[in-house]
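Dear colleague,

I am passing on the structure below, followed by notes on what was found in it. Please read the notes with the coordinates open beside them.

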Amino acid sequence: MANSDPPQKYVMLEQQTNLQPPPYHRRNVPRYHSGNHKSGGGCLKCICCCYCTLIVLIFIVAGITFYFYTVFQPQVPTYKVDKIDVKAFDVAPLELTLATELVVTVKADNPNKRIGFIYGKDSSVVGTFSDQQLCSGQLPAFHQGHKNVTMMKVVMKGKTKVDPEMQKKLMKNKESGQVPLLIRVVAPVRVVVGSVQTRQIKVLVNCTLVTSKIAPKNKVKILSAKYNVNVQF
């Protein structure tokens, strides 16, 4: 007996307009926002603040410097060897030593109207001939006021071993009547502006001299002089 059931109908998916796909459950992946933008902006602000502060400080220092130089008009003091008196300049032939005693008069001129100087105790004055030290002494400690000229007498003493080379040079200079001397001065100094004192600095003075014959009871003439002044902070 034949099967009487009607054949099944096949429906194309395109025709099933009422069919909807199953809901899609999407998993939300958390996003992590880096803080690079914020930190970069903070660094930029910090750099800008530093630059602004630096510029302001430069303007302040420039203003103070301009005011100081305009109002006080600072000038470097001048130094000059005014006179040399010879108390002793004798060679001991047996010991081959040279005993020297000089009294050097140094002139310190402060041309400033509103600036003074305080010269400290720990100074040194050294006299050399042909790179060998002959004698040494010290400057007196004193306060030099405005528009002031101070004459200082420095007693310099010493004994030096005389080798044949130095003895030749001494004899040669004695005959020519021209003796080269180098006097080096190192002085601790404080600058005084009104009632304010700066920290201590070192003033270095090199006096390159050519004098006439050096001998006791002989009036020594300074034939030429060259001065070099440096400051060490």
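R184 is partly exposed, with a relative accessible area of 43%, where partly exposed lies between buried (under 20% relative accessible area) and exposed (over 50%), taken with a 1.4 Å probe and protein chains only. This is a predicted model, in which local features need pLDDT of at least 70 and side-chain atom pairs count only at pLDDT 80 or more, while totals for chains, interfaces and linings use all residues. Residues are numbered from 1 along each chain as its sequence is written, and side-chain values use heavy atoms, with hydrogens and water left out.

To stay with R184 for a moment, this residue is found in strand 8, and, if residues up to four places away in sequence are not counted, R184 touches S124, V125, V126, V205 and N206, a contact being heavy atoms within 4.5 Å. R184 and N228 are 44 residues apart in sequence, and their C-alpha atoms are 9.7 Å apart in space.

As for the chain, its secondary structure comes to 2 helices and 11 strands, which are DSSP runs numbered from the N terminus (H or I with at least four residues for helices, E with at least two for strands). From the N terminus on, the order of the elements is α-β-β-β-β-β-β-β-α-β-β-β-β. Of the 233 residues in the chain, 28% are buried, and among the contacts with a separation of 6 or more, 65% are between residues 24 or more positions apart. The accessible surface, from the Shrake-Rupley method with a 1.4 Å probe, comes to about 17,500 Å², and 58% of it belongs to carbon and sulfur atoms.

Helix 2 (residues 164–176) has 13 residues and reaches 18 Å from its first C-alpha to its last, close to the 18 Å expected at 1.5 Å a residue, where the expected span is 1.5 Å times one less than the number of residues. Within helix 2, M166, L170 and N173 are buried; they cover an arc of only 70° around the axis, which puts them on the same side of the helix, the arc being that of the directions from the helix axis to the C-beta atoms. On the other side of helix 2, P164, K168, K172 and E175 are exposed. The cover over the buried residues of helix 2 includes strand 1 (78–92), strand 7 (148–161) and strand 8 (179–193). G177 follows helix 2 and has a positive phi, near 75°.

In the largest nonpolar core, which has 41 residues, V104, L134 and I183 touch the most other members; such a core is a set of buried Ala, Val, Leu, Ile, Met, Phe, Trp, Tyr and Cys residues joined through side-chain atoms within 4.5 Å. Strand 8 gives the largest share of this core, 8 residues. With residues up to four places away in sequence left out, L134 touches, among others, F89, L98, F129, M166 and L181.

T211, in strand 10 (residues 201–211), is buried, with a relative accessible area of 0%.

Lastly, the structure holds 0 disulfides, a disulfide being a pair of cysteine sulfur atoms within 2.5 Å. The sulfur of C43 is 7.0 Å from the closest cysteine sulfur, in C46, too far for a bond. C49 is also in no disulfide, with the nearest cysteine sulfur, that of C52, 6.5 Å away.

With best regards
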